[in-house]
Amino acid sequence: MDSKSEGEDRPWQSYHTAYTNAKAGPSLSLSFSLSLSLYKFFFHFSFSVNTNLLGMEGVDKEKVQKVVYEMSKGSKYFENEQRKEAYIKQKIENLQQQRTKLTDKDIAHFQKIAEKKIVELEASRDLTKTWLHTDMDAFYAAVEILDNPSLKGKPLAVGGMSMICTASYEARKFGVRAAMPGFIARKLCPDLIFVPTNFDKYTHFSELTRKVFRQYDPNFIATSLDEAYLNVTDVCSERGLSGEEVAAELRGAIYDETGLTCSVGVAPNRMLAKVCSDINKPNGQFILLNDRGAVMTFISSLPIRKIGGIGKVTEHMLRDVLGITTCDDMLKNSALVCALFSDLSSDFFLSVGLGLGGTHTPENRMRKSISTERTFTATSDTTLLFQKLADIAETLSSDMQKENLWGRNLTLKLKTSSFEVKTRAVSLQKYISSKEEILTNATNLLKAELPVSLRLIGLRMSQFRDEDKHALVDPTQKTLSEFILSGSSHSKAYENQDISSENSSDYLLEDKNLCESDGTREKEHRCVTSEPESSSKREELGDSSSAKDINETCGGNANCEIQWVDGYICSKCGIELPLGFEEERREHADYHLAQSLQQEESAHVAHDKVYHKLEHSSPKSRKKQKASSQGAKFIPIDAFFTKGKKNL
Ligand code: DCP
Ligand code: MG
């Protein structure tokens, strides 16, 4: 078929959104990766995926894509997707230009660099550990079915007309999936049953699963309510069990404890274990042996999108600029990978090509911040917004109290109805943890933004009490000594970045090459979504760009304001934070911010700065600033950045 006329007649075929081009299990990839190339590419997926088991047989892929396109056309979501597409396109063009400038001599030079890196990475290979990744099946939906067995076997969506969080496997057959607006889902599946979310229930069941995990690995790493990594090396050796046997036993134990099924992957490292847990979903397991040959065979034809940390942007870049679609292609194109990407990115890509991933249990890192956020149907109703804020403050307070945390840096995150992300922070004079105190300060921050139409509110607390004691001694050392290793060694850099690569969605979004000017309107402190174990990242109605976001972008944010020189050195204090330390980077940015705010305040210059800004601001924004100044210590982050830039 002529591709031009195809594109003109069927515009939806080139429309990719979180729910038409998501990182998902093989099943979802088959139904949502609808661009022709991706579509073919997933059909070449070499594992024996049992589509009956996955319940995806008979999905009318073209129909799904058409419905999604037609129903979202013209919406703000659609516009935002298009903006993101334009951003990716721009980045691809830039890289393509860089590529054409490379001479043969350059390529030969980078070939040598690549070979050296590969030797170093290979030397770091550790096949002595057995890692297990568990992922609950259709988690929220399964919990709802457990609660109401009459829903069993029916197409079910958890969420509402605006967004759904997940869908039962019966609903997935129609193309319904997480982060899809409910009205589109209903169009795809007219008999779809909607059940509203109930986070207390999901948290309860999540805690039950964690009780089981603890018996196998007391240091298990939970990466969301329904996913965790367990190092079962000791269990295997102490009890003389194979990884396969431990996986089967663990799945049984989880079922006995919760009545829910999960899927498990077992492999020599976490990166591979996560890929494996997706292969025989639902209620299945896949074991990859601790053998280099087995790993290399497994990885050779694995689509790069299956790898944690490779999201939509990275996938497009690698495919469109270098023709890389499988992990093996990373090695085949190693010279170009090294020529076009930063050291840390190329290390990551090459390690993906070698099937390397994290094998050490990370040391218990001191918590740097705790956060919670909710996505809901966009609203400008202030009563509703303050109600949400109160709920979030309550959750944050209760999470803090569980961990006996007291903090004095509160950050409010907002996503507007047009998907713009903003953060506002306040540095407090005293440590707080009660709902009332959190809410009072958060209310001041939110009031300063009114009127506003929002679809997400989040709160993050940082700068905890004990941490400040260290901070007084040496503000940079505290972070360095606690959990930061230098990014200079390849193997170390890799080991450091691994966890978040497994969980963050788009590795390249952190790349210095790609952070500079993203062309989007998102303003956030962070580049990649990666929440620590117990942060409560909740969604009321799901949102393609929140909890499991594949498109979080980095632009005009505090991380970028700081600037990560060479991709990992803080331009303000020289601290080294390798790629993958998103949480720490965010925290570090907050730290500088709080420090500056405090300095500003004590020097009584803050108001001047704010007023300087106010003098040039619109009457509307002047009103906002005035409202905010009720909270005595509040300085909007934007004001701080304006000042920061001037002083540079
Ligand atoms: N979730 C959400 N919003 C998303 C994706 C997921 O709120 N965009 C929630 C609902 C899911 C839970 O997180 O039930 C776990 O996410 P998974 O990606 O593991 O999806 P499921 O467990 O629902 O299904 P699967 O069987 O594919 O793991
Ligand atoms: Mg799951």
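Leaving out residues up to four places away in sequence, Glu144 touches Leu151, Leu156, Val158, Val195, Pro196, Asn198, Lys201 and Tyr202, where contact means heavy atoms within 4.5 Å. This is a predicted model, in which local features need pLDDT of at least 70 and side-chain atom pairs count only at pLDDT 80 or more, while totals for chains, interfaces and linings use all residues; side-chain values use heavy atoms, with hydrogens and water left out. Residues are numbered from 1 along each chain as its sequence is written, and chains are lettered from A and ligands numbered from 1 in the order in which they are written.

Glu144 belongs to helix H8; helices (H or I, at least four residues) and strands (E, at least two) are DSSP runs, numbered from the N terminus. With a relative accessibility of 4%, Glu144 counts as buried. Buried means under 20% relative accessible area, exposed means over 50%, and partly exposed lies in between (1.4 Å probe, protein chains only). The side chain of Glu144 makes a polar contact with the side chain of Lys201, at 2.7 Å. A polar contact is a pair of N or O atoms within 3.5 Å; within protein, one must be able to donate a hydrogen and the other to accept it, and residues adjacent in sequence count only if both atoms are side-chain atoms.

Not counting residues up to four places away in sequence, Leu146 touches Phe205, Thr258, Gly259 and Leu260. Leu146 and Gly259 are 113 residues apart along the chain, yet their C-alpha atoms are separated by 7.4 Å.

Asp137 lies in the loop between strand E1 (131–136) and helix H8 (139–147) and is buried, with a relative accessible area of 5%. The Asp137 side chain reaches the backbone nitrogen of Cys262 at 3.4 Å. Apart from its neighbours within four places in sequence, Asp137 is in contact with Ala142, Thr261, Cys262, Ser263, Lys281, Pro282 and Asn283.

## The protein as a whole

The protein contains 30 helices and 15 strands. Of its 648 residues, 61% are buried. Among contacts with a separation of 6 or more, 73% join residues 24 or more positions apart.

## Nonpolar cores

A nonpolar core is a set of buried Ala, Val, Leu, Ile, Met, Phe, Trp, Tyr and Cys residues joined through side-chain atoms within 4.5 Å. The largest has 48 residues, and Ile307 and Leu322 have the most contacts inside it. Several helices each supply at least two residues of this core, including H14 (270–277), H15 (292–300), H18 (334–340) and H19. H18 gives the most, with 6 residues. Another core, of 37 residues, lies apart from this one, and among its members are Tyr169, Phe213, Cys236 and Val264.

H14 and H15 pack at an angle of about 55°, with their axes 12 Å apart. Axes are lines fitted to C-alpha atoms, for helices over the stretch in contact, and angles run from 0 to 180 degrees between N-to-C directions. In this packing, Leu272, Val275 and Cys276 of H14 meet Val295, Phe298 and Ile299 of H15.

Helix H19 (residues 343–353) has 10 of its 11 residues buried, so it is largely enclosed by the rest of the structure. Its buried residues include Leu344, Phe348, Phe349 and Val352. H19 is followed by Gly355, which has a positive phi, near 70°.
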